[in-house]
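Take a moment to look over the chain before reading on. We will go through it piece by piece.

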Amino acid sequence: MRMNIIDHDLLSIQEARILAENALEAQRTLATFPQEKLDEIVERMAEEISKHSKELAVMSSEETDYGNWQDKYIKNRFACEYLPANLKGMRCVGIIHTDQEKQIMDVGVPMGVIVGLCPATSPVSTTIYNALIAIKAGNAVIFSPHPRAKQSIAKTLDIMIQAAEGYGLPEGALTYLHTVTQAGTIELMNHSATSLIMNTGVPAMLEAAYHSGKPVIYGGTGNGPAFIERTANIRQAVQDIIASKTFDNGVASAAEQSIVVDSCIANEVRTELEAAGAYFMQEEEADALGRIFYYPDGSANPEMAGKTAKELAKRAGFPVPEKTRVLISPQKYVSETNPYSKEKLCPVLAYYIEDDWMHACEKCIELLLSERHGHTLVIHSNDPEVIRQFALKKPVGRMLVNTPAVFGSMGATTNLFPAMTLGSGSAGDGITSDNVSPMNLIYIRKVGYGVRRIEDIKMGIPQNAQPQNPECSEAVKESRHSENENLQTLQQLLKQALRSLT
């Protein structure tokens, strides 16, 4: 009896090759579009997908069993309503900056074809976000949907593709793998047609991304502590932390993972936390919960992500009060084997008490380095010098002051760029620590007009020297006198260089 065996890896690899080649051709056309046309396409995409924000929030919550649809709905609206408002007026392609005085110019050039990887924890909002910023910057983008959120991501992209192509987006410039396998995703990343990999919270694919030799933007895992310093508004700090850590049941990687408290206010902080719905676990309860966070091989148990505090306690086998919103485990030390030293994508926090801000500073550094992914740190303080010292010393992509980590990091309660992909930068794994924007998806071509002749450098610069560019502004001529000291230094350096060539 003959059996028909379908090799999904081969199908996915073949599809990846076709998508990459088509995307390259589509991007060549897209690269000719002016910023105004790109903006029109992005606006239409955002308008259309916003009509489906609630439906997709429910769908993704049910498909993944992560978080809750109400908070996912907020994230979806943030991506398709608040983000586009901030994109208006931003120039990413063509001439994006000119300086008449210095006679220099910047030209924005798309990176090309981007490979997009989105997490199952925030599949719809991240897909919307990454698609909008990629097209805004004139790039084609191919998504490899997360297997756990494949249907939600596919529907999101189908809606945006139809809207975008209806307003002139070249076919193939926005697309996705339908047969999703690891082999197909790796083929996409390695294909000669792709130029950049944007990995938002999919650590399992990070090593393969780096092996591709392409630039990688990584919105990685976080292990961010929140320090409550003695001058803080304690009640507000606690409210901020609870609101942030319970949002979408704690699946955001930017959410607080630990609370570090100044010892002199520790009792007051604990009282406020308990009043706000925090349950401080006994040691045996924390041990029971910690044992189900990670598998014996050290990998995280994905079934713990996005569950409520009460559900987590039930799974660990201990009762909690009905009002419980967050589980807290008092800790003293940071170690690789301590589950509370790591990222917890659920409403669970470690709790450390330190003698003063200097010891708290060291504890925060330990926590940030424990997983080598510097993501986000929060400090609650009204002491400018303490805040300054924290900003100078922390190995972290972003530091937030007196604000909830989730909302502050994404630019909702701060003036950071509104983003669903938060770069880890050199403190973690990736080429940027920015809130990733369209400006991270282009390279800038520098243009400089000649304003001095080599003869001027050799002989000394006369006061009445004329610029090489006849359109050079009067400001350049007037600035010559004030630049003489710098030019004399330059003159000496160039004379030495010229002598070495003769």
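This is a predicted model: local features need pLDDT of at least 70, side-chain atom pairs count only at pLDDT 80 or more; totals for chains, interfaces and linings use all residues.

Start with three aromatic residues: F227, W357 and F390 form one aromatic cluster. The rule for pairing is simple. Rings of Phe, Tyr and Trp (its six-membered ring) pair if their centres lie within 6.5 Å; planes under 30 degrees apart count as stacked, over 60 as edge-to-face and the rest as tilted. The structure holds seven aromatic pairs. In one of them, the ring centres of Y279 and F318 are 6.3 Å apart and the planes meet at 20°, so this pair is stacked.

Residues are numbered from 1 along each chain as its sequence is written, and side-chain values use heavy atoms, with hydrogens and water left out. The labels for helices and strands follow a rule too. Helices (H or I, at least four residues) and strands (E, at least two) are DSSP runs, numbered from the N terminus. On that basis, the protein chain has 18 helices and 15 strands.

Are Y279 and F318 buried or exposed? Buried means under 20% relative accessible area, exposed over 50%, and partly exposed in between (1.4 Å probe, protein chains only). Y279 has a relative accessible area of 18%, so Y279 is buried. F318 counts as buried as well, at 8% relative accessibility. Across the 502 residues of the protein chain, 56% count as buried.

Rings can also carry a charge over the face. The test is this: NZ of Lys or CZ of Arg is within 6 Å of the ring centre and within 35 degrees of the ring normal. R270 lies over the face of F280, at 4.0 Å from the ring centre. K342 lies over the face of Y294, at 4.6 Å from the ring centre.

Which residues of α11 are buried? They are E285, A286, A288, L289 and G290. Their cover includes β10, α12, β11 and β12 (348-354). Here, contact means heavy atoms within 4.5 Å.

Now look at two helices that pack together. Two packed helices are described by the angle between their axes and the distance between the axes. Axes are lines fitted to C-alpha atoms, for helices over the stretch in contact, and angles run from 0 to 180 degrees between N-to-C directions. Helix α3 (residues 53-64) packs on helix α6 (residues 150-166) at about 155°, and the axes are 8 Å apart. Therefore α3 and α6 are roughly antiparallel. Angles under 35 degrees count as roughly parallel, over 145 as roughly antiparallel, 65 to 115 as roughly perpendicular and the rest as oblique. On the α3 side, E55, L56, M59, S60 and E63 take part; on the α6 side, they meet K150, Q151, S152, K155, T156 and I159. By class, this contact has three nonpolar, four polar and four charged residues. Ala, Val, Leu, Ile, Met, Phe, Trp, Tyr, Cys and Pro count as nonpolar, Asp, Glu, Lys and Arg as charged, and the others, Gly among them, as polar.

D65 sits in the loop between α3 and α4. D65 is not a glycine, but its phi is positive, about 60°. D65 is partly exposed, at 42% relative accessible area. N249 also has a positive phi, near 55°, and is a residue other than glycine. N249 lies in the loop between α9 (234-246) and β9 (258-262). N249 is buried, with a relative accessible area of 12%.

Helix α4 (residues 69-87) holds L83. L83 is buried, at 0% relative accessible area. What does L83 touch, not counting residues up to four places away in sequence? The list is F78, Y129, L132, I133, F417 and P418.

Finally, see how far apart in sequence neighbours can be. Q103, in the loop between β1 (94-99) and β2 (104-110), is 347 residues from G450 in sequence, yet their C-alpha atoms are 8.1 Å apart. Among contacts between residues at least 6 apart in sequence, 72% join residues at least 24 apart.
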